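Biologist: I am new to this structure, and I would like to understand what stands behind the words used to describe it. Could we go through them with care, one term after another?

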Amino acid sequence: MTSTPPVIRNLPVTDRHDVYDAISPEIYFSGSTFRDKVVLVAGASKGIGYSIASFYARAGATVVIVSRYQNTLDEAKGRILSELGASKPSAEILALAADVTDPKAIAGVVAKCVEKYGRLDVAVANAAIGGSWDKRFTEGDPYEDWWKVMEVNLRGPYNVAHYALPQLEKTGGSFVAVSSLACQASLPFASAYSVSKSALNRLVEYTALEYPLVKSFAIHPGRIITKAPKPRAGPPPKWEPPAADTLELPAATLLKLTDGSGRFDFLSGRFLSANWDLEEVEREWKNDIVEKDMLVTRFSVV
């Protein structure tokens, strides 16, 4: 038996759980859209970040992968190069170990990236932690059980944005922060995670406001099963989230959003979900999103 699922505010479009025709990455894998582009992915050694990095590499981009531990990064780099095989013999992947909560470390990563390649076209802030969704926030350690989540999930993307945005402005590039639909739901015991993602969405609104030449997106990647503990919110009986989405879904969505075509630039500075069918969003919601300034944080009286 499970409890009633929380109400999650969402856009009423077709719900996607895997790559679909409108975001098929094959056009990028076989084309030149991302050739000569430099992409930085923070939190790239496994899971969502790894999938994103591998898709950009398959599309021909030079990819800078970042995570805390050099050994796991080297393993990730090896896996990506092995997957590419003879199809991309000149693939370039730079693995740089850094803690996203350390501003000096991230400054160094961006500096090395620009020094080596001369530019930065896409920066993806994916590194995050979930915390323990099993107690009221006053019942845990104020740092380990709450503020640490805020530091990784908000300060980390801030550090990436702080040092990457000036470089992205030069190339008219894209900044992507991996957010979560959890920010749109009230989940008991999940305050650290939910608050961090809500604040992250607001940060992305400001990156678009202050760096209008950069396309900035806050994106829910779908519900992806990782090695992190499965989040279960609320008192028993606990609600179980729906079935997982594929790792390829957010990776393909990011290729589409950052391909430089301008097609989905109307979503810059806004929150969106990889589960949303992008063609439907464009066809049925673009005018309202732009004219009514939707998908942003606001105080609403109805």
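This is a predicted model: local features need pLDDT of at least 70, side-chain atom pairs count only at pLDDT 80 or more; totals for chains, interfaces and linings use all residues.

Biologist: What makes the pair of Arg270 and Asp293 a salt bridge?

Modeller: The term asks for a side-chain nitrogen of Lys or Arg within 4 Å of a carboxyl oxygen of Asp or Glu. The closest N and O atoms of Arg270 and Asp293 are 2.9 Å apart, so the pair meets this rule. Helices (H or I, at least four residues) and strands (E, at least two) are DSSP runs, numbered from the N terminus.

Biologist: How many salt bridges does the rule give, and which residues are linked in a network?

Modeller: The count comes to 10. Arg263, Glu279 and Glu282 are linked in a network of salt bridges. Arg119 and Asp121 also meet in one, at 2.6 Å from N to O; Asp121 is buried at 6% relative accessible area, whereas Arg119 is partly exposed at 30%. Arg283 and Glu284 form another, with their closest N and O atoms 3.4 Å apart; here Arg283 is exposed at 56% and Glu284 is partly exposed at 45%.

Biologist: Why is the phi of Asp293 worth a remark?

Modeller: Most residues other than glycine have a negative phi. Asp293, which is not a glycine, has a positive phi near 50°, and Asp293 is partly exposed, with a relative accessible area of 36%. Asp36 likewise has a positive phi, of about 75°, without being a glycine. Asp36 sits in the loop between helix H1 (26-29) and strand E1 (38-42), and with a relative accessible area of 63% it is exposed.

Biologist: How do you know that H2 is close to its expected reach?

Modeller: The expected span is 1.5 Å times one less than the number of residues in the helix. H2 (residues 47-58) has 12 residues and reaches 17 Å from its first C-alpha to its last, close to the 16 Å expected. Just after H2, Gly60 takes a positive phi of about 100°.

Biologist: What makes H2 mostly covered?

Modeller: Of its 12 residues, 10 are buried, including Ile48, Tyr50, Phe55 and Tyr56.

Biologist: What is called a nonpolar core here, and how many residues has the largest?

Modeller: A nonpolar core is a set of buried Ala, Val, Leu, Ile, Met, Phe, Trp, Tyr and Cys residues joined through side-chain atoms within 4.5 Å. The largest has 86 residues, and Tyr56, Val64, Ile65, Val124, Phe175 and Leu267 have the most contacts inside it. H2 contributes the largest share of this core, seven residues. Apart from it lies another core, of six residues, among them Trp133, Ala185, Ala190 and Tyr193.

Key. Residues are numbered from 1 along each chain as its sequence is written. Side-chain values use heavy atoms; hydrogens and water are left out. Buried means under 20% relative accessible area, exposed over 50%, partly exposed in between (1.4 Å probe, protein chains only).
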